[in-house]
Amino acid sequence: MRRALALVTVLLAAAAALGEPSPPPYKKIAVIKLREPTEAAIDTSVKTSVLRRLEEARAWGADCIVFDIESYGGYVFAAVETADEIYAVGRNVHTVAYVGRKAISGAAMLSLSCREIVMSETARIGDSQVVYPSAAGEIVVAPEKAQTTVATTFRTYAQGNGYPVPVAEAMVRAEMEVIRYRTRDGGWAYYRADRADELPTAREKEELGLQEPPELVVREGELATFSSQEAVKYGICSSIQPDLKSFLAELKTRGGGGEQVAVQVFDWTWAERFSRFLLGIKWLLFLGGAGALYFALKVPGTGVPEALAIICFGLFFGASAIAGFAGAAELVLFVIGVALLVVEIFVLPGFGVAGLLGIGCVLLSIGLAAVPPDTAPPDLPTGTPYLLVQVAKQFLLGTFLAVAAVIALAKFLPSPPCSPHSRRPPASTPACA
């Protein structure tokens with residue numbers, strides 16, 4: 001079994017070349033941008049956007065797709081689902097990851113899912129161990145069950161795309177030590193050295209012509225993270241290009257295609273960018289919506305605060321829906337909560353069960369719409385409590401500021417009307433009963 005694996009390792013690059021789905025010259029090159037605002041985190045909104053653009057590129061007829069990657073990674077589920085789709089497309093279309101500066105964690109996974117990786121001179125790739133934020137805000141290493149899932153994903157991509165499998169897996173597992181032997185034909189065979197049963201036997205060394213001594217590639221206890229020069233040396237990166245423009249120029253000349261090759265960029269839409277911006281200020285939208293609702297009750301009849309509340313909450317839920325955070329369930333829950341509050345204020349006397357349920361529904365809907373649905377695999381202790389704490393802090397801040405604004409402006413606002421047809425009774429009119 002080990003002999004077969006070693007032979008596979010030696011022949012990976014050749015096999016990948018033979019299995020090239022779209023040999024040059026290419027006729028249509030699609031560029032999918034994964035830079036800003038992806039750098040914040042690979043989450044559901046990134047996955048939704050990338051899959052949309054990937055489908056558009058395929059519909060356009062691209063025979064080569066370049067992913068312009070620049071990211072520190074993000075959530076496990078979003079990265080895996082996005083990378084799986086890229087890997088599947090790479091069976092029929094040549095896919096390339098261009099790493100301008102960094103492809104860390106989930107971004108390294110996206111890169112390895114491509115059939116080819118090209119990096120700039122200052123770029124780095126790796127450091128993909130699964131971690132999550134605890135409720136206390138500390139970064140904790142995920143249990144073995146989660147590490148195994150991600151490590152298997154890295155192995156799958158490496159085997160399918162011709163990268164050294166132990167090197168790719170060492171990006172996930174810090175306990176791995178990787179060495180390589182020069183083979184008789186001038187190639188390299190990579191092995192996991194921290195396990196005796198993974199090392200080559202004397203017979204394998206003879207058959208493959210492995211030359212002693214082996215070269216250390218990844219030291220045990222250190223997550224594999226490579227510069228562009230190291231990535232080329234260890235078979236991860238195919239070439240170094242100064243920038244994306246230079247690489248595209250080189251890609252167009254492969255096979256003599258030249259200027260006849262069409263290049264089209266598939267970037268973020270304005271709606272996707274705007275939704276991510278709004279999610280960054282979601283607590284401000286909450287503040288504006290909550291304050292506007294109070295003013296609508298304090299000074300009814302003008303329609304201005306009501307419209308402001310609708311705009312604020314509409315932007316919040318619209319941004320969450322575009323980003324993939326909120327769906328119909330969150331919106332329905334929010335509408336039910338508002339309806340219960342309206343019933344409590346205008347129909348039922350005092351403040352009781354309907355009001356409490358209304359507040360609970362509104363807060364729950366906002367919380368669900370603010371937290372990414374793919375925080376971590378279900379078998380992790382999960383970082384969701386940490387994210388919920390952060391969201392709670394943001395909305396508590398928004399509530400505090402809203403209350404402070406109400407107190408500060410209350411004395412300047414007119415008193416509640418005695419009837420829907422009058423904003424303030426004349427000075428001679430007795431107090432309303």
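1. Basis of the values. Because the model is predicted, local features require pLDDT of at least 70 and side-chain atom pairs count only at pLDDT 80 or more, whereas totals for chains, interfaces and linings use all residues. Residues are numbered from 1 along each chain as its sequence is written, and side-chain values use heavy atoms, with hydrogens and water left out.

2. Overall make-up. The protein contains 15 helices and 13 strands, where helices (H or I, at least four residues) and strands (E, at least two) are DSSP runs numbered from the N terminus. Of its 433 residues, 45% are buried, a term that stands for under 20% relative accessible area, with exposed meaning over 50% and partly exposed in between (1.4 Å probe, protein chains only). Among contacts (heavy atoms within 4.5 Å) with a separation of 6 or more, 70% are between residues 24 or more positions apart.

3. Nonpolar cores. In soluble globular proteins, nonpolar side chains tend to be buried together. A nonpolar core is taken here as a set of buried Ala, Val, Leu, Ile, Met, Phe, Trp, Tyr and Cys residues joined through side-chain atoms within 4.5 Å. The largest one has 63 residues, and those touching the most other members are Ile65, Phe67, Leu112, Ile117, Ile125, Phe226 and Ile236. Helix α3 (residues 76-89) gives the largest share of this core, with 8 residues. Another core, of 13 residues, lies apart from it and includes Val96, Tyr98, Leu244 and Phe247.

4. Surroundings of Ile236. Leaving aside residues up to four places away in sequence, Ile236 touches Leu112, Ile117, Ile125, Tyr163, Pro164, Val167, Met171 and Ala231. Of these partners, Leu112, Ile117 and Ile125 are themselves listed with Ile236 among the core residues that touch the most other members.

5. Cysteines. A search of the whole structure finds 0 disulfides, a disulfide being a pair of cysteine sulfur atoms within 2.5 Å. For Cys64, the closest cysteine sulfur is that of Cys114, and at 9.8 Å it is too far for a bond. Cys64 counts as buried because its relative accessibility is 0%, and Cys237, at 6%, also counts as buried.

6. An open three-stranded sheet. The 3 strands run in the order β9-β8-β10 with antiparallel pairing, two strands being paired if DSSP finds at least two bridges between them. Both β9 (188-192) and β10 (211-218) are at the edges with a single partner strand, so one side of each has no neighbour in the sheet. From one strand to the next the twist averages 30°, with axes fitted as lines to C-alpha atoms (for helices over the stretch in contact) and angles running from 0 to 180 degrees between N-to-C directions. Strand β8 (residues 178-182) pairs with β10 over 4 bridges, and Arg180 stands opposite Glu215 in β10.

7. Backbone points to check. Glu212 and Pro213 are joined by a cis peptide bond with omega of about -5°, and Pro213 is found in strand β10. Ser105, although not a glycine, has a positive phi of about 55°; Ser105 lies in the loop between β3 (94-104) and α4 (106-112). Asp127 likewise is not a glycine and has a positive phi of about 55°, in the loop between β5 (124-126) and β6 (131-133). With 34% relative accessibility, Asp127 counts as partly exposed.
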